[in-house]
Amino acid sequence: VENAVREDHYSQLGVTAEASNEEIRQAYRRLVMKWHPDRHHTATDKAQAEIRFKAIQSAYSVIGDPDARKRYDVLNKFGGLNPDDFRHPFSEQTQRNWEDDLRSRAPAGADVKWKTSVSLKDAQEGCTVIYPRKFKEPCDDCEGQGWNRVVCPECRGRGMNSSRLRYCSTCYGHGTTECECGNCEGRGRIDQVDNLKIRVPAGVLDGSEMVAKRCGKQSRYGGHNGDLHVTIKIKPEGGWKFAGRDIVGTLKLPFSIALFGGAVVAELPLGRTLEVTIAPRTNSGKKIRLAGAGLVGHDGVRGDAILNVTIVLPKSRKKLAPEVEEAIRGLDAEVQT
Ligand SMILES: [Zn+2]
Ligand SMILES: [Zn+2]
């Protein structure tokens, strides 16, 4: 009997530690009905039932209350304390210190990874991005319980049946009964979203990572939130793609420059231009790496621009002189297959 009282609150109600609040509530209802002293008649049965009845109520007073359950779980899992220690009376101050301590001892919520894209201009100048953080908040209507206490409809609060000989079988003599909260549909929590503004510093590069402390998932055990890891991507623009401090784009070469070599002006992002010397016979698909023509990192080092050559034929449909056409056709013989 002594053991039965000292048993873990979950086994007391015949549920696992993973049971939902609803499952716990149902188990409790079933058991108080079964072990109600009124339902047992011999003196021994009655005495035993009374002990079980009290133990069940005591277990439910803890794990039937989501907040108390959370604390109980933490102590059970991470504090290694006896369930009875949980019932020690705390002064308000001790309680507060204890809760602070618990918060930092309890496992924090999970970290969240989030990618977001910004324009090159915003990345260079700094900007604000909005992270839609999802979280759960205790329901106001039921104070996070998932249910509200209402006057028992069966006995209208009297706690006894109409002949007044027995406890009311609906409320077991309490006079009140639990009614699922309509606002949260019994979950006790309401899903919320708030838009967190996250400041992106000037000069971030594609792939830069930032950490917003404690903006990740909520802890299931009353600990701190996890962190939010933000990866910044820079949106491609004007044919340019960005990768760290390097920029990748296309260099269109007129046919004659590709063939004979020469200088062209490459237009880079952010309005910069750069004269590029092209070697004779530069083919389409060649990659030209311009060292130091990329973006500047926080260490002041500039990346490279990588240009993929594309040869552009003249647009004009003007007929070429026969000797010009013949000369150009003559070049085909040199093309390796
Ligand atoms: Zn009742
Ligand atoms: Zn509610």
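**The site of ligand 2**

Guide: The site of the zinc ion (ligand 2) is tetrahedral, with angles of 104 to 115° among its four donor atoms; four donors count as tetrahedral if all angles lie between 85 and 135 degrees. This is a predicted model, in which local features need pLDDT of at least 70, side-chain atom pairs count only at pLDDT 80 or more, and totals for chains, interfaces and linings use all residues; side-chain values use heavy atoms, with hydrogens and water left out. Residues are numbered from 1 along each chain as its sequence is written, while chains are lettered from A and ligands numbered from 1 in the order in which they are written.

The SG atoms of C139, C142, C181 and C184 coordinate the zinc ion (ligand 2) at 2.3 Å; donors are N, O and S atoms within 2.8 Å of the metal (3.2 Å for Na, K and Ca). Along the chain these donor residues follow the spacing C-x2-C-x38-C-x2-C. C142 sits in the loop between β2 (127–138) and β3 (147–151), and C184 in the loop between β4 (176–180) and β5 (189–200), so the pair ties together parts 42 residues apart in sequence. Strands here are DSSP runs (E, at least two residues), numbered from the N terminus. C142 and C184 are both buried, meaning under 20% relative accessible area (1.4 Å probe, protein chains only).

For context, the zinc ion (ligand 1) is held by the SG atoms of C152, C155, C168 and C171, at 2.2 to 2.3 Å. C155 and C171, 16 residues apart, both lie in the loop between β3 and β4.

Definitions and conventions:
Four donors count as tetrahedral if all angles lie between 85 and 135 degrees; four count as square planar and six as octahedral if opposite donors are over 155 degrees apart and all others between 65 and 115; anything else is irregular. Helices (H or I, at least four residues) and strands (E, at least two) are DSSP runs, numbered from the N terminus. Buried means under 20% relative accessible area, exposed over 50%, partly exposed in between (1.4 Å probe, protein chains only).
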